[in-house]
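Dear colleague,

Please find below the structure that I am handing over to you. My notes on it follow.

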Amino acid sequence: MQLYHLVYSVLNILILVCLTLAQRDIEPNQDVYTIEGRVFPPDGPISNSWYSQTRILANGGEFIGILRKDNSFVINNVPSGSYVIEVVNPTYAYEPVRVEINSKGKLRARKVNYIQTSTVDPVAYPLALTPLARHRYFQVREQWRATDFLYSPMVLMMVLPLVIIMILPKVMNDPETRKEMEHLNSLTRYDMPEMSEVLTSFFTGGEKQKVKATRNKKKIQ
Amino acid sequence: MDEAASCRESESCHENVNGHKILLRLKSIGKSVCSEYSIEKDLSSIVLSPTVHVLVANLFLLLLSFLCSFTVGALISSGVCCIISYNMIWDIRKGHHRTCFIPWNCIKDIYIVEAISLHRVLYNIVVLIEDEVKGSTSSHTSLKLIPLFQGTKPRLSCLETIYQSIHALLRNESGTCGERSKNMSIDSSKFILTVSHCLYEDQVGKFDWHQNYVGDVKFAFGDASGKRGIVATALNVVAALNLKTGNILWRHVLERDGSISFMSITSGGEALVILEGDKTLVRAFDPVTGALSWEWTAPSSLPVDRVSWAVSTDKLYAVLLNDGVGFAVQQFNIRTGAVISKWQSSAPWVQNERQVSNKLLFCSILYPVKSLDKPGVFVDFGSSNTVKSSQVVIFSEQSNVACKAVSSSAQWVINDLSQKSYVLLQFLVKNDELHIITSDCLSGTTLQNSPISVPWPSSLEPELKTVICGSNKDDLSSCRLLLHTSDEAVTLLQHTGKVLWVREEALASVVATEMMDLPVSDKDAAIEKEFDSKEAGVLGMFGRRLVSQALQLQHLMQSVFGLDEPHQPSGQRADLVRDDFGLHKMIVVATKAGKLFGLDNFNGEIVWQKMILNVDTTALQLFVQRTTRHAPYPAQCSLLLKDKVTKESVLYTFNPITGLGSRKNLGYRALQTMLLPVLDAESLRPIVLLDSSEKVHIEPREAISLADSFASSLYMYVADPATGIVRGYTFAQSTSERLIAARVWEVVFQPESQTLVNVVGKNPQERVHSQGRVLGDRSVLYKYVNPNLVAVVTQGTDSLHKFVLNVYLLDAVSGAIVFSISHKRAREPIHLVHTENWVVYTYFSEKWRRTEIASIELYEGKTQSNSGSFSSLIAAPQPLVERQSYILPAVVQAMKPTVTEKGITSRHVLVGLASGAVLELPWMFLDPRRPVTVTPEMREEGVIPYMPELPIPPESIINYNKSLPLISGIHTAPSGLESTSLVLVYGLDLFYTRVAPSKTFDLLKEDFDPFLISMVLIGLGLASYTTKRLASRKALKQAWK
């Protein structure tokens, strides 16, 4: 297992060295290639400014393609390497494509993935670029809605006390609920002794007096 | 489909099990789904009794429980988040701190499985993943199952809901490729809803303006219709101008490297443009739409720098001139670029290349080198325009015709007058007037009765680029002349002498800019004058106060009764006065052509312009010596330039409001400059200049004693990119007669291994409001705010890593390197922003082939070493360094942080992109403290979790659909409002706007309606009054009962 690891790492290093050597071999006067493609305009009539406002940039303007009347484009004089081709239009968004040209002049197009740069998600070449969506530069103004108004804290603050003030007494007037409440009150009376009573009894210390008092009350009754 | 509306949240599955509330929250943003499954101990279950009298208490308790659930959080909760834009499902479990990322494209399917354990059936959601395993021999895929919600064991009904939502997503996503990516772009824009500050559509143009330019015009011609003028410029721009208005109809920005060496009209009406560079490109554009007609590459064997071009009906000629011998001609098919034929011809009259310039061949409109031995139309002006007596020679097909020698430099020959005669146009600038003399080329007779004269500043040299005649070619008076002047302006002149329009193309190459406050109005100035002189006694002061208040009253009365006549303060426009919020400013712009402009920042209108002659604008610097706040003195700016011939420094001092100024030749070459940090008696900041022999000068000279009193705390540094040496100087040895700069330290960046790319200091005007940063545990992490810190960027070449980018943070006073970092395989374009306690820079990573943006943040630690003023000389502790880098999916052209008056508002970084967008990137996104694993403390601190790729949502593009090509810089300036920062983006175009990084917290909202509020108040008042009346009536009634 260890041997395998060793061989593997040696191989890795070799590949690295080869790669760096290969990169250094690039001559200044190398062969150049052409990237071709077609930009599909959005549906509807094309305005005159479409041709001048749509730019095809390779690596952010290192090489430039210009649209023809038939919406095709070529990017000339591109040496071998990797290029991100993007269609720049102020109104419509297009997805960028990475085009790789190897030293033999073979072209390959794939999706741009900046995070996992090694994943190959092939795209058809010659490029066919379709609009994804309209750019949405602007926020949509909020429309006035009744629900928004009702749920705004100000209104809630006003309405809730109103409800409590206006509706609760009405509900209390209902005989059934009153009965229920009384029932509840009688229940709670024994569960929870009155705080003031407890305190007074505690501080006065005389529980007997109180007992007497209650007895007196009973007698009266 | 409206994507904004699709952001919704739904809650389902409320269940009460043994006093536990189970809550399933489903959140879908666009096409992404987030579901959170939580079990909480139900606080509200006790209070949910049906009795009525506790309703009020119940309400409050409910509120309380709500608050509790917000602050305390659920006991156990687990969530799954599918964000397609980030290609992943994100499984979060709060209780156990487990986050797992699953790439979206790996997901095959999602299932609900059941398992029996301890006599119970347990349900689980399981994600089926296709994993690519790369072996040594071959790669194969393996299937893996990842269970979600392992710890919390949700109920089946909840799982079903989650399953449905994710499954629906999966089904959608497995559709066509295009559809899938469509979602991607929308989602990435929708994801960061929280921090984007954007414009409403009705605000377009309300506080921004945009001016289009084309650059210094090199070639021009009118198209066949006579309505459009096609121009090609030094900035490699080809554009069509509307000849009536001067507006741009279409514009193409060509490749940056190389230059346009030829442009002509073809027989089909197309504009043929030849771009010289590594490879010479021949392109033809449709004059109406700007679409490309054809494009081909000239053979690389052609020595393009010595070739003159000419066009005939369907052929392009490349004429290679050999001195004294003749010329070699290559004939190309104009559409395909195929070589038709080649020949050589002897022409001993071709003395040297200078005499037969490109311009002359350009004149050969009709018969260029057509026949083998006879050249067509050649015009020879002697040796350019400098020679007084120039000669015009016309070679026609039949015979050589020599024009008569003309006294002054002639500029143009047109031969369109029914092919019979050649018309010679001569320009004479005399006594601030431009005279145009039209004469017959052959006979020499003047064609007009009186020469046309146009008012013209005598310093400007006109150069005729083209003559555009309408359909009626015989009548010369209908022709228009397109003139280019030495200040890079383009003027269209009717042949009768009327100026149709002027385009100030110098604004396409802005070098330096400043935004100046406008002076206060006369009224305010009178009030301020009252406080100025303090020597007057109490009585005098009182008297002045009375007078000024009487004046104010008078102004008030005048304005109330509409008597206020607009009077112009000292010959300016009346509206050029400071407004309440300090938003109205004067933009002072210095351009490459040596022309200064004063622009009104509200509409971009040119208020004043000034051409500085015979100057070299490389390494130009603009200083604000005195702002408008020092009322009796006018504001003053200075521009440091170089003389064109001697290369010695020139200081042009001017008033930025009126543009009036004077020039001063300094007589030495300035190496480094600095504004003194103190004001002199006249509230002026003197400029300290270090010349190439390390002598120190000060402007104005009287300030030398002032500078001497501060000399012990004055330091200066000089970075020399040629030698890679950064040197520090001290002024401590100065005397009151002479300032002396002595070398203190020297840092050498070995020039053989690295080159200095950029040295960025901090903006001396910037203010840092908050001293530190409050952490999650309520302790403070103090910022390392060193005003003397300078970021030095070097680009090294390494045999192994090819490109190495080094960033050093250098203390410019002590010369200590505070921090350094090195990036391997990182290369230009490098842009750096340095403010407060952080540095942000972008570079291109060769290794990953993407633009990365790195941020460094410096902290002193939990204790502050010096709370008063910072000193570089007292050994401060080495700062703690936080650093992080992100992917920016774009190419950067310029970067600048926003700046506000007091520095309270959070900072955003404005990034100019190659696509023409200017992105407003909140510092929060670039924060190096963004954690990969979110801890509760981090959440408390308000740091957003780390995402490798920064999003570019269209909402944060401040120039919306107004693309700005070739952005060369961004200038930010504070306004009187703390929330608002003013932004000028320059490059080929000018774009001005204002941004509010923390929203306009100090302004009432736009939709604030005082009318509505007063109506509501009045209504409430009325209602209370009427109810009071009603109540009293009711009370009365009840009393009667």
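**Record annotations and findings**

UniProt, in an unreviewed entry, lists residues 6-22 and 149-168 of chain A under "transmembrane region"; UniProt positions are given in the numbering used here, feature names are shortened, and annotations may be inferred rather than shown by experiment. This is a predicted model, in which local features need pLDDT of at least 70, side-chain atom pairs count only at pLDDT 80 or more, and totals for chains, interfaces and linings use all residues. Residues are numbered from 1 along each chain as its sequence is written, while chains are lettered from A and ligands numbered from 1 in the order in which they are written.

Residues 149-168 of chain A are 95% helix and 0% strand, with end C-alpha atoms 24 Å apart. Helices (H or I, at least four residues) and strands (E, at least two) are DSSP runs, numbered from the N terminus.

Helix 4 of chain A covers residues 153-173. Its 21 residues reach 30 Å from first C-alpha to last, close to the 30 Å expected at 1.5 Å a residue (the expected span is 1.5 Å times one less than the number of residues). Helix 4 of chain A bends by about 30° at Ile167(A), and Pro169(A) follows within four residues; the bend is the angle between axes fitted to the seven residues ending there and the seven starting there.

Turning to the two chains together, 44 residues of chain A are in contact with 48 residues of chain B (C-beta atoms, placed from the backbone, within 7 Å). On the chain B side, helix 3 supplies the largest share, 6 residues. Strand 12 (residues 138-139) of chain A pairs with strand 10 of chain B in the parallel sense over 2 bridges; strands pair if DSSP finds at least two bridges between them. Phe138(A) stands opposite Leu199(B) there.

Within chain B, strand 30 (residues 462-468) has 5 of its 7 residues buried, so it is largely enclosed by the rest of the structure. Strand 30 of chain B runs antiparallel to strand 31 (residues 480-485) of chain B, joined by 6 bridges, and Leu464(B) stands opposite Leu483(B).

With kind regards

Note on methods: A residue is buried if 20 or more other C-beta atoms lie within 10 Å of its own, exposed if 12 or fewer, and partly exposed in between; C-beta atoms are placed from the backbone.
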